Amino acid sequence: MAGRINDDDVKAVRDAVPIDAVVSEYLQLRNAGGGNLKGLCPFHDEKSPSFHVSPAKGLYHCFGCQEGGDTVDFIMKIDHLSFAETIERLASQAGITLRYEEGGYTPGRQQGERTRLVEAHKVAAQFYAEQLDGAEAEIARAFLAERGFDQSAAQHFGLGYSPAGWDHLTRFLRGRGFSDQELVLSGLSQEGRRGPIDRFRGRLMWPIRDIAGEVVGFGARKLREDDNGPKYLNTPETPLYRKSHVLYGIDLAKKEIAKTSRAVVVEGYTDVMACHLSGITTAIATCGTSFGEGHIKILRRLLMDHSGSEVVFTFDGDAAGQKAALRAFEDDQKFAAETSIAITPGGMDPCDLRLAKGDQAVADLVESRTPLFEFALRHVASRHNLDTTVGRAAALDEAAPIVARIKNSSIQHESAVQLAGMLGILDTQFVVRRVSQLARWARERGRDGGPDQSRPQQRRGQAAPAEPARPAAPRGPALNLRSPARRVERELLKLALQRPDLVSPAFDAYGADEFTAPPYAVVRQCIEDAGGATAGAADRSYVPRVREAAPDDTVRAMVTELAVEPLLTRRDPDEAYAGVQLATVRIAAVDARIADLEGAARRCEAQGDHAGSAAMLQELWVLQQYGKTLRERGAAAL
């Protein structure tokens, strides 16, 4: 049984790794004001950023799907890790040595499964890289040299060589403490007649890293004629590696993609290398599969879906390349970014182009890109006889919906004019009206909840496509807490969590009955149980303590949400702003108590209890005077 990680070490890990640094490995973050950051949520599909990160609090919260928590929660959720695996990964990044209780620490036994598999891949990548310098790897070095890649290029991309023997890597990893079960599960080894043998033998090796930079698999190129395997052999599907969710080169390209709002999608490992060495450092490639939904999600989080972002696909000009380009066009509407295509000349891929014409030719290729919809239009036009009226009409029927899908209205109009010329239709305005009508119908269907241009249409004879997964409904009572009557209570709780220095010590004197929404009253109690706002004014562990004090996950999620949600002021909050919230909540509580007392006093009078009525009227007079003073003096009267 795995030992329990020491509590002090867990706290040290939480404090050592900034949440914005961790989240930025997976998506682009931008300033959201008030010291917070925002980006596209990685846990559900959305068009505008609702995922907020508070570096000061070490928390994140999505106001769209209600996911939230701290750094550990984020890694556990996005990478499907256990708590122990997450702490181990973050500790490794921070250089913290963990202590394990309940019998001490045995590395091979007590680390989580995913952590072990990641470590095995890391060691394997180092092993392969070292083998590339050996005599046997001369054939691999020659292969690279023939394609214009020198030793420094191989080192930059971490390339290696897998020895031709049966079990060189397997025996090496066994010596490093990995079990046969771990080696087979990782995909580095496979079952042989007498036990595990190496999966990759006698091949040039590319380490495939996830967006966080961890090696999760390998791509292996055949080098010898007597190798009966496929030209390229990739890691099989494993707990670490899913080919539909990884992009080769994303670890090297992600920062430049986010910075320039452009991604260049190429077809192979050597193409990525050629592009990067030619200055196109936003190049990435899929790993043995077509570009699909999982890859789109990765890029959207980096591109942030703003109107200036762009995805450029490069394909060969042959039939297979054209087919791949059209397949990419089918996914065009899943991007808010503009999509373009760059067709390589003479059937050369970027690697061949660099070798034949140099680095500048690769850069020029990307700059010569054509909008992907224009490429699709030309493909449609080529399939019809435009010399006949029937052919032109058929081409228009097929091409007009493509133009109607263009997101930018000005480009849509210009493209409709261009389509008319391309098809040889003299009545340009007829084509423009046709496109405009189709676009309007699509928008109306979208508003009515019907099918729209962005969804795959059902074909005759096919079952209706399944509806796309929708974001989970907000958990707990948060749906009912944004009414104007409770907005000030919410704002005061946000201040108590985000800026306790502005509301203490007054806030700590507020009772649960001053918060009319029961969930807010529970949050106030959590703040009290964590030592109060006064104690939190100078304590970095204050918000984590409030979260720990929550009685359940629903309340804990609400604490996170309130700690991250922007305050309702465009300027930095100050004591005057905090005072307004404090006074307004107190006035509301006083008014509610006055109404209760007035009703109770009338009931006492009706029942003949004059003494009870008099006592209530006295308290009522005191409260009325207090309410008047609060309205006149605000927070100064607290």
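Over the face of which residue does Arg 147 lie? In this predicted model, where local features need pLDDT of at least 70, side-chain atom pairs count only at pLDDT 80 or more, and totals for chains, interfaces and linings use all residues, Arg 147 is placed over the face of Phe 143, at 3.6 Å from the ring centre. Residues are numbered from 1 along each chain as its sequence is written, and side-chain values use heavy atoms, with hydrogens and water left out. A charge is taken to sit over a ring if NZ of Lys or CZ of Arg is within 6 Å of the ring centre and within 35 degrees of the ring normal. Arg 586 likewise lies over the face of Tyr 510, at 4.2 Å from the ring centre.

Side chains of opposite charge can pair when their charged atoms come close. Helices (H or I, at least four residues) and strands (E, at least two) are DSSP runs, numbered from the N terminus. Glu 310 forms a salt bridge with Arg 369, the closest N and O atoms being 2.5 Å apart. Because Glu 310 belongs to strand S14 (residues 310-316) and Arg 369 to the loop between H16 and strand S16 (370-371), the pair ties together parts that are 59 residues apart in sequence. Glu 310 is buried, at a relative accessible area of 13%, whereas Arg 369 is partly exposed, at 24% (buried means under 20% relative accessible area, exposed over 50%, partly exposed in between; 1.4 Å probe, protein chains only).

A pair of aromatic rings is described by the distance of the centres and the angle of the planes. Rings of Phe, Tyr and Trp (its six-membered ring) pair if their centres lie within 6.5 Å, and planes under 30 degrees apart count as stacked, over 60 as edge-to-face and the rest as tilted; by this rule there are 18 aromatic pairs. Phe 43 and Tyr 60 form a tilted pair, 6.3 Å centre to centre with 45° between the planes, and ring pairs link Tyr 26, Phe 43, Phe 51, Tyr 60 and Phe 74 into a cluster.

Conventions. Salt bridge = Lys/Arg side-chain N within 4 Å of Asp/Glu carboxyl O.
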